[in-house]
Amino acid sequence: MKKLITLVLLVLLSVVGCTGAPITISTQGGQPSIISFNAEQASISAGQSANLSWNVSGATTITIDQGIGNVALTGTRAVTPAATTIYTLTASSSAGTATATTQVVVTGTSAPPPTYGDLPVIVYFTASPSIVASGSPVTLTWSVSNASTVTIDNGIGTVGSTGSTVVTPASSISYTLTASNAAGWATSMATVLVGAAPPAGIADLVIQDIVRSGDTINYTIKNQGDATAGPTVSTLLVDGTTAANDNVGSLAPGQSSSESFASYTYSCTLPSDSIEVRADTGSAVVEGSEANNSSIESWACILIIGPLRTLKPDLVVEDIWVVGHTIHYRIKNQGIGASAAGYSRLYINDVIKGNDGVAAVAGGDSVDGSFIHNFDCALPILVDVKVTADIGGDSTETDETNNSRTETFSCP
């Protein structure tokens, strides 16, 4: 299966000339609504205090990071930051999540400028099982690094960097995890579909996850039915407009596949985008339910205050394919800096089969490689083929966890 990574869009703003006005990013749909979130003293001297004030409607949980925690719908709070600090307010309800930030500049001090590595990283955020009957328990599990505050909406609130919690949703719901620090924030969504189990003897396609890898949108599609789903087409919609289509091969009962809209280059439109992936466009497959083919996420654009200190490469394996008995693959450097020359490694069913030398790759460029391996697949079985880039760690990357890709091939 293809390895997925978390999405982040960086919008660079200069601290110079900052007036202290709040930067507000809200989810579409109107609720909850952050009416205001301000620092009444936008600039203070070291040792002085500033008052944060806010006014929120339609929220069941409101939190402010930097150690403040849960607050009421309306209020003020005095803060005494030791250095220039960005405060993030998160308002949550069953209808969604909204966030806003404001900055207090402390004159006479300077904070180190953020880098790509300074941003929070959501390693995973999952709901298991993702499809249940009403009132059945679902376990949310997450792992986050480099975050000062981690919150989950829909009444869960502030949580630790790693953990799990059990929820019992009465209806279909999406939970959004928000990880934040002074450099920015990242979000990830886990959707739970509540309803009857799919009928026996029929396929049922659902979209399990949507993530961004560089400027490419990836997704996971699963056949949760107990009959094979034939080839289908998935459609990507951004803010309600069709952006791209993707061909999906047959899926056995219970099988998942990691796919991508490789032909579409994503760029976030402030303040946020509605990202929808629909399975089985055109209804080529008869399914147990035609109502659960879509998954929709709201992606907030990420803002970073200050210049970037380092511009690193980031190698990912974009595609794997077989021609005759030779396994081919494509590597992309989705970072900005050039990568060093190194090696890729081939695994078949988790067994190392060979290495392939890869030249340096400029930022944004892709290169093709191949393993002269006798891909002898004569039995009617599924074979997992994995390619891992930069196996020797020759390049220092912004993300060292996204170097591998796995695809499953059916023997003819």
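## A buried charged pair

Glu407 and Arg405 are both buried in this predicted model. Their side chains meet in a salt bridge, with an N to O distance of 2.9 Å. In general terms, side chains of opposite charge can pair when their charged atoms come close.

The count for the structure comes to four salt bridges. Two further examples, described next, involve residues of strand E28.

Strand E28 covers residues 326–333 and includes Lys332. A salt bridge connects Lys332 with Asp215, and the closest N and O atoms of the two residues lie 3.2 Å apart. This pair links distant parts of the chain: 117 residues separate Lys332 from Asp215, which is located in the loop between strand E19 (205–213) and strand E20 (216–223). Lys332 counts as buried because its relative accessibility is 14%, and the limit for a buried residue is under 20%. Asp215 has a relative accessible area of 24% and is therefore partly exposed.

Arg330 also belongs to strand E28. The side chain of Arg330 forms a salt bridge with that of Asp368, at 2.8 Å from N to O. Here too, distant parts of the chain are linked, since Asp368 lies in strand E31 (residues 366–371) and the two residues are 38 residues apart. With a relative accessibility of 27%, Arg330 counts as partly exposed.

Strand E29, formed by residues 342–348, is mostly covered, as five of its seven residues are buried. Strand E30 (residues 351–358) runs antiparallel to E29, and seven bridges join the two strands. Within this pairing, Leu346 stands opposite Gly354, a residue of E30.

How many residues lie between E29 and E30 in the hairpin that they form? There are two residues between the strands, and Asn349 in the turn has a positive phi of about 50°.

In E32, Val385 is the bridge partner of Ile348.

Note on methods:
Residues are numbered from 1 along each chain as its sequence is written. This is a predicted model: local features need pLDDT of at least 70, side-chain atom pairs count only at pLDDT 80 or more; totals for chains, interfaces and linings use all residues. Side-chain values use heavy atoms; hydrogens and water are left out. Helices (H or I, at least four residues) and strands (E, at least two) are DSSP runs, numbered from the N terminus. Buried means under 20% relative accessible area, exposed over 50%, partly exposed in between (1.4 Å probe, protein chains only). Two strands pair if DSSP finds at least two bridges between them.
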